[in-house]
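Me: Let's walk through this one together. Have a look at the entry below and we'll take it step by step.

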Amino acid sequence: MMKCPICHRPTTYEANPYRPFCSERCKLIDFGAWANEEYAVPAEEKPPHPEDSPQGTDTPEEESDRV
Ligand SMILES: [Zn+2]
């Protein structure tokens, strides 16, 4: 005997096609949960500075004071 990780109701591994969940509903809930996590990962791993453009090193303006 064990507890469903979703609703924490007592369930069992034996004769349970949805183990370790108590029902198909909880199984789908768990699937949706980690699916959402999966989608959230790439969004959080976006570069923190979107204004960082690749150009900007080809204009040495500091050398323009030798007039
Ligand atoms: Zn459950």
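This is a predicted model: local features need pLDDT of at least 70, side-chain atom pairs count only at pLDDT 80 or more; totals for chains, interfaces and linings use all residues.

Me: In which element is confidence lowest?
Reply: Confidence here is pLDDT, the predictor's own figure for each residue, from 0 to 100. The protein has a mean of 79, with 73% of its residues at 70 or more. β2 is highest at 94, while the lowest mean, 77, belongs to α1.

Me: What share of the 67 residues is buried?
Reply: A residue is buried if 20 or more other C-beta atoms lie within 10 Å of its own, exposed if 12 or fewer, and partly exposed in between, with C-beta atoms placed from the backbone. By that count, buried residues in the protein come to 6%.

Me: Which residues does P20 touch, leaving out those up to four places away in sequence?
Reply: P20 sits in the loop between β2 (10-11) and α1 (24-44), and a cis peptide bond joins R19 to P20, with omega about 0°. P20 counts as partly exposed because 16 other C-beta atoms lie within 10 Å. P20 and P5 are 15 residues apart in sequence, yet 7.3 Å apart in space, C-alpha to C-alpha. The residues that P20 touches are M2, P5 and Y13.

Me: Is H8 buried or exposed?
Reply: H8 lies in the loop between β1 (2-3) and β2. H8 isn't a glycine, yet its phi is positive, about 60°. Most residues other than glycine have a negative phi. H8 has 10 C-beta neighbours inside 10 Å, so it counts as exposed.

Me: And what is the phi of A15 near?
Reply: A15 is in the loop between β2 and α1. With 6 C-beta neighbours inside 10 Å, A15 counts as exposed. A15 is a residue other than glycine, and its phi is positive, near 55°.

Key:
Residues are numbered from 1 along each chain as its sequence is written. Helices (H or I, at least four residues) and strands (E, at least two) are DSSP runs, numbered from the N terminus. Two residues are in contact if their C-beta atoms, placed from the backbone, lie within 7 Å.
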